[in-house]
Amino acid sequence: MRIRALFSLSLALLSCGLVACGTSSQSSSSSSPASKTITLGVDLPLSGADSSVGDSTLNGVKLAVEQANKMGLPGGFTIVVNAIDDAVQGVHSPQQGASNMRTFVADPSVLAVIGPYNSNVAQAQIPISNAAPLLQIGPSVVSDGLTIGAAARALRRTNPDTISFFRVCTTDAHQGSAAARFAMKLGWKRAYVVDDNETYGLDLANVFDRDFSKSGGTILGHDHLAKSQQDFSALLTKIAATKPDVIFFGGVTSTGGGLMKQQMARAGLAKVPFLGGDGLPDIATAIGKAADGTYYTLAAPNVEKLASAKTFVKQYTARFHAPVGAYSANAYAATLVAIDAIKRALAANANALPTRASVIAQAAKTNALSTPIGRISFDANGDVKNPVVSLYEIKNGQATFLDQQFF
Amino acid sequence: MIYAYAALAIVAAVLIDRFPSPRLRRIVIVALAIPLLLVPLIDPSEATRNLLADASIYVALALGLNIVVGFAGLLDLGYAAFFAIGAYAYGMLASPQFGLHIPFWVILLLAGPLAALFGMILGAPTLRLRGDYLAIVTLGFGEIVPQIFQNLTAYTGGPNGIPGLDVPSFFGKSFGASALPFYYLALALVALAIFIAGNLRASRLGRAWLAIRDDELAAKHAGIDTTRAKLAAFAIGASFSGCAGVLFAAKLGLVSPDLFGFQVSVLIVSMLVLGGMGNLSGVVIGSLVLTMLNSAILPQANMLAATLLHVHVDLSQYHFAIYGVILVAMMLWRPSGLIARRAR
Amino acid sequence: MHEFGAQLANGLALGAIYALIALGYTMVYGIVELINFAHGDVYTFGSFITLVILTALGITGEAHGVLLVVAVVVALLGSALACGVLAILIERVAYRPLRNAPRLAPLITAIGVSFILENALQLWKGPAPITVPALIPNPRFLGGTFSLAQVSVIVLAVVTMFALQFLVHRTRLGMQMRAVAQDRDAAALVGIDANRTIALTFLIAGALAGIAGMASGVYYQSTWFLNGFGAGLKSFTAAVLGGIGNIAGAMLGGFCIGLLEAFTSATIGGQWANVAVFTVLIAVLVIRPNGLLGTNLPDKL
């Protein structure tokens, strides 16, 4: 008797707690169901360690939407942004990302989603957005497997032949091989590769490793860091003994890039260039002058050379009174792509609310759309055609543009 | 209306042990339990369903750990390792990773014994240690397991994990993209966990556990095979974690090493301490309160602070401080949990 | 050969820091049989205090001459004192009320205190790693294998260990500590104030963590609010490896773990370093629970 009582009691309690959960979360994700409203879902890490980059990326979306609404959309529609945080306990969470995507899919006014920021969140979201199907555009996720090959096909498990996920940044593959070419061009023949053993860093390092040796360079070794490693002395001693021309680091400043560069001086590696991808632009803010000698690539053209980029920077700083974030321009471009597709889908549907499928079809047809990061068209996988990768060097704590490569 | 229901249920929960007649008690309970099955139908938003499913998985985890910590008094700080083992079992056996597509239900059935096996492999040599050493060993185990999954890239996909896991189906009907089937499944697992835990406690084994928890030396002298009883607790607890792991992986469609870190183990321990170790209804309440806190209250508090006070506080970064306060405050002032069980 | 020597130096320096932390674990465990989970975070607090002190002295990089000596002494004493006081506070608030509670209660509280400290440190200096001034100049010895910072850290740990040995075995306080550790009630009968003795033990353990924090902050030129979690766990492993309650054992265990970590990084790869250390922990507890130097078997119940 006691057991059964307890059993039922627990069930009852479960229900009460859950109802409360349900109602409170519902109120947070409410969107006005006015018929002339189109919602743009945004999923980014907006709290915790990634929040500074998440906020500046969100600002890029907001700016594009505000400008589009000011210009007006066909049929008198307005676009509202529903941004949901995918960080839990201060760290981006695939679980939370999946939950957010379900929220977007369930809201019929959502015609496109911008995000996420992190590749492992994208892995959890793409199966859901693909099943809907709902247009999703990634501003910054670079992992190859999201769009290319069997891995990407597995993600599209419901509709394998529908490409609903696009991205405006280049892939790890391009960035890694660009870095390898830059290294050869700068005369660095012997490289030691280190990565942070996380999704982004490992992929990037593997591509560099492969392409650098393919183009005739020597890979002296390839090591992986442990999670939250503080002591790099053993690794750096090992690296110093191989006398490398360059150290390639796959990873971001906060997962070891900063600490490793900082400890290089004491290990007799002060003069060895430290090359990495777009996880390192903030290294000078983290370790100051010790960052000198860092080279990093960005999956975007040199902003100073593009007129559209200059305009964007001016508009962004005027609107938010803050410097442009590392992915603000990408988010702005991704949003332009989404809005452009929605506009064309509206036009094709006699200015009535289009279906999600037609928005996806229009996005795939995006043709040389002018954005601050260059002209955007997509290939059959949903990746940008003709991507550009630029190389920067940090001197006296300042990033200076060195070179760029077209693919 | 929903709030009224929630309030009513909480009042009933607190008073339930003081109800005069068992019959009245049962009626009230059944009346309150029915909406549980209907909730997702009343409130059709996917966010709610998803939250319900996740919450139920956590409740199942907490009930499993309760057998180890609450009944047998063994502090297991690496419980998420078994969760990871169950999840990776599904990830490796039902995905394009090795081209294996073993049905969900088969893996769900096998995950329990598999996790139990790992529990025994870890437990057999270490359970003779005293309690606080065991805590550290399990903590070490909980740190090692995800790192091994992360490092063995050829088998586990490394830090990327294994994406694109199979979608389960029920008699040929696919679960689809909705979280609803997972919710009902997790609910069934919770019901099973409550049923098994309740029966076990009243059994010979259960009494042995309680004896060990209260005084291991005395239990030994009373003729209880303490090592075997402890091993049984470890294995049963691990098997619940393994099953929950399969459910979790199938629902997310992805396994990756960062999903099973120390923070998961700690979250579950905090749920137990909050609700009262060894107390089934307390554990359920504890896990619900913490799930609610994580998924609903903290994000709302952030937004509230931003809109009302124009300050950008980020409470979600301070979850661990909240767990910490719970652990310290409960131990100092309410060691038997929020809702203390009446002495029997 | 040169590389081997340099790796030896790396391992010993890392081990010296673990050893300093392990001494605190061993002292506390020896007297109250509690795994002081928050000890690792007290160590992190020490490195934060060091940063504050060095900043206050206007030091941003390497220091020389008198300034170097003053800075080292002030930073060491300051962080030792601050951490000692913090440890006493923790003991008073979180552990003392539970001295007669079931064994698991203070352990759970200790975990809770650890989380609170971590988040307090995060609130203070943010979630990213923080730069600490290098302070120690960088000449190298023995054919370039040992740097001055490494030698200083190792010497500091060994000197501290001998001082602690002296304190425990040759002073009145040490005698009281050993008496309380052996039998609290009997100690009370002969007039020893157990609460005071335990509090002083926490003070010393905290001070040791502060010294370790200062050493690691300067040696690695960085600190991070979560450092204490991993370092604490590894140092506890060191204490168990050496034989918990044994001062020389903690030092030996610390050096062993440091060398294990350095040589794992140098050979198999850094991603296996943590796995190696925790495997050792489990193996030691299973094969030889009393540790390398432990004499009396710990009570198995």
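Across the interface of chain C and chain B, the rule finds zero salt bridges (a side-chain nitrogen of Lys or Arg within 4 Å of a carboxyl oxygen of Asp or Glu). This is a predicted model: local features need pLDDT of at least 70, side-chain atom pairs count only at pLDDT 80 or more, and totals for chains, interfaces and linings use all residues. Residues are numbered from 1 along each chain as its sequence is written, chains are lettered from A in the order in which they are written, and side-chain values use heavy atoms, with hydrogens and water left out.

Contact means heavy atoms within 4.5 Å. By that rule, 42 residues of chain C touch 41 residues of chain B. The two chains bury about 3900 Å² between them, 74% of it on carbon and sulfur atoms. Buried area is the accessible area (1.4 Å probe) that two parts lose on being put together, summed over both.

Now the rings. The structure holds 40 aromatic pairs over all chains. Rings of Phe, Tyr and Trp (its six-membered ring) pair if their centres lie within 6.5 Å; planes under 30 degrees apart count as stacked, over 60 as edge-to-face and the rest as tilted. B:F170 and B:F171 have ring centres 4.9 Å apart and planes at 65°, so this pair is edge-to-face. C:Y25 and C:F236 are also edge-to-face, at 5.6 Å centre to centre and 75° between the planes.

How accessible are these residues? Buried means under 20% relative accessible area, exposed over 50%, partly exposed in between (1.4 Å probe, protein chains only). B:F170 is partly exposed at 47%. B:F171 is exposed at 78%. C:Y25 is buried at 5%, and C:F236 is buried at 1%.
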